[in-house]
Structures are given as structure tokens and as C-alpha cells.
Amino acid sequence: MSRDVYEYAVIRVMPKVERGELINAGVLLYCQPRDFLCARVELDAGRLRALDPEADVDGVRRALAAYELACGQDCGPLAGESLGGRFRWLTAPRSTIVQAGPVHAGLTADPGTELARLFDKLVRV
């Protein structure tokens, strides 16, 4: 079974950017050799409200959903971009409430299974 290089970033929610406190709310994974780009997100509203009781939970959910949409076939303005181009755009540094963390790499024989493993390890409590 061959393994291919993949890259991933944790999608983070930082409700008060100036404080630097954050929660992990998703994982974005790209594997060029397998033409795979996928994001999986899940917001723990209780943890978000613990950091900011006045957080716009619905707004954060919409921003997180945009990561999943950007990975799909019908992704609006990003439709003309390669999967790698989309990954780079989604992981570009931002000073916003929802942002991607640093990019890391690994090897996998199954990017979908790896995404699920990383999601369980890095997002779920």
C-alpha cells in the first residue's frame, strides 16, 4: 500500500483576536497526488461562549461552513482554482475570528481516513 504526502491545517476560532485565545473547530486536509481537498468542521458552542459569552455563534458557524464549501465542486469564486490553490488561499494567514493555523505535513494511504483521525484527535474533546 503506497502512502502519499498530505498537508493539513487546523481551523481555529479566536473570538477575541486581541486576546489570542482559541478553540479548534475543524481540519482542512489536502493531498495533491490523490486530488483530495476536504474540510471537516464542528463548532462547540459551549466552549466558544466560555471564551466570549457574546460571540456570534451563527456567524461563526457560517464562516466555518465556508471552508467546507470551498473544498467542493460548486465553490463559487474558487471554482476556477486548482485544489492546491484553494488550499493555499484557505490557509493564508488572517487576523479574523475564524482562521487556519500553521500547515503541517504527513504521509497517508487514505486521505479521508486521515482527515477523520486528525479531526477526532485535534477538534473533538
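Student: Which residues line the largest pocket?

Tutor: Rolling a probe the size of a water molecule over the atoms shows where empty space is left. Here the lining is Ala 63, Ala 66, Tyr 67, Ala 70, Leu 78, Trp 89, Leu 90, Arg 94, Thr 96 and Val 98. (A pocket is an open set of points on a 1 Å grid over the protein atoms alone, where a 1.4 Å probe fits, with protein on both sides within 12 Å along at least five of seven lines; lining residues have an atom within 4 Å of a point.) This is a predicted model: local features need pLDDT of at least 70, side-chain atom pairs count only at pLDDT 80 or more, and totals for chains, interfaces and linings use all residues. Residues are numbered from 1 along each chain as its sequence is written, and side-chain values use heavy atoms, without hydrogens or water.

Student: Which element gives the largest share of the lining?

Tutor: α2, with 4 residues. (Helices are DSSP runs of H or I, at least four residues; strands are runs of E, at least two.) Both α2 and α3 supply at least two.

Student: What about the largest nonpolar core: how many residues has it?

Tutor: Nonpolar side chains tend to be buried together in soluble globular proteins. This core has 25 residues. (Its members are buried Ala, Val, Leu, Ile, Met, Phe, Trp, Tyr and Cys, joined through side-chain atoms within 4.5 Å; buried means under 20% relative accessible area, with a 1.4 Å probe and protein chains only.) Ile 11, Val 13, Leu 28, Leu 43, Leu 48 and Leu 64 have the most contacts inside it. α2 again gives the largest share, 6 residues.

Technical notes: Buried < 20%, exposed > 50% of the residue type's maximum accessible area, 1.4 Å probe, protein only.
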